[in-house]
Amino acid sequence: MPTGELVRLRAFDPSEAEALWRWNHDPDVMRWMNDGYPDSVAQVAKRMSEWPRNSYEKVVLAVETRAEGRLIGVAVLRDAEPETGNAELDVYIGEKDCWGSGYATDATRTMCRFGFDQMRLHRVTLWVVADNVAARRVYEKVGFVEEGRQRECFRRDGEWHDMIMMGLLESDLRD
Ligand SMILES: CC(C)(COP(=O)(O)OP(=O)(O)OC[C@H]1O[C@@H](n2cnc3c(N)ncnc32)[C@H](O)[C@@H]1OP(=O)(O)O)[C@@H](O)C(=O)NCCC(=O)NCCS
């Protein structure tokens, strides 16, 4: 299991649907992410039971604290391309009482290291809303650099926000 200083990354179990449902319906957690349409815990559990096995195409991992084994978030590497060695990253910490403790930074670093070491990726790309300063700080600490900006492509509460594309090469990854 990919393990960092503070977190361990492991596969989800469908019995953990309630946590995913709660995070995905929490306006604070979803503030800068696409929240889609509401669904029920049962629908989330059904979807989870149908998730394909983790593979090169898509790796969905639960973030748990190393100390207590507490489930606190999600890390995903998706759309990996063997031709370019590029994959896209999504990370979030759903348990709000855990924010500000370094967990997202460690989870991001650990997932990227997994991508470079196990999947032989060449680079990792992510998109973040420009106003999501905490997330941008996390990615900068790990070594991501800004590579582009899409203007006004995220809408929240009637306001448009830019999105920033960030990229990380293996040589950029910081301990
Ligand atoms: C954004 C998020 C991933 C951060 O997780 P976290 O575990 O709190 O992150 P860390 O503790 O590793 O680091 C947070 C950093 O942001 C900084 N930060 C937090 N809030 C900030 C703010 N309002 N302005 C500036 N910096 C801020 C912290 O000080 C810390 O940096 P530091 O170590 O230099 O002090 C988490 O809050 C989250 O999942 N939010 C909801 C979903 C989301 O936005 N995900 C990202 C989608 S791209």
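Reader: Which residue has a side-chain polar atom 2.6 Å from the backbone oxygen of M33?

Author: A polar contact is a pair of N or O atoms within 3.5 Å; within protein, one must be able to donate a hydrogen and the other to accept it, and residues adjacent in sequence count only if both atoms are side-chain atoms. Here the residue is R156, whose side chain has a polar atom 2.6 Å from the backbone oxygen of M33. The model is predicted, so local features need pLDDT of at least 70 and side-chain atom pairs count only at pLDDT 80 or more, while totals for chains, interfaces and linings use all residues. Residues are numbered from 1 along each chain as its sequence is written, and side-chain values use heavy atoms, with hydrogens and water left out.

Reader: Where is R156, and is R156 buried or exposed?

Author: Helices (H or I, at least four residues) and strands (E, at least two) are DSSP runs, numbered from the N terminus. R156 belongs to strand β6, residues 145-156. Buried means under 20% relative accessible area, exposed over 50%, and partly exposed in between (1.4 Å probe, protein chains only). R156 counts as buried because its relative accessibility is 16%. Contact means heavy atoms within 4.5 Å. Leaving aside neighbours within four places in sequence, R156 is in contact with M30, R31, M33, D35 and H161.

Reader: What does V124 touch, not counting residues up to four places away in sequence?

Author: V124 lies in strand β5 and is buried, at a relative accessible area of 0%. With those sequence neighbours set aside, V124 touches L77, N86, A87, L89, C112, F116, F144, M166, G167 and L168.

Reader: How many residues surround the ligand?

Author: A residue is near a molecule if one of its heavy atoms lies within 4 Å of it. By that rule 22 residues surround the ligand, and the closest are G100, G102, T105, R137 and K141.

Reader: Which elements give two or more residues to the shell around the ligand?

Author: They are β4 (86-93), α3 (103-117), β5 (123-129) and α4 (133-142). The largest share, seven residues, comes from α4.

Reader: How many of the 15 residues of α3 are buried?

Author: Eleven of the 15 are buried, and α3 is mostly covered. Among these buried residues are T105, D106, R109 and F116.

Reader: Which residues have a positive phi although they are not glycine?

Author: Most residues other than glycine have a negative phi. D79 has a positive phi of about 55°, and D157 has a positive phi of about 50°. D79 is in strand β3, residues 71-81, and counts as partly exposed because its relative accessible area is 49%. D157 lies in the loop between β6 and β7 (159-169) and is exposed, at 74%.
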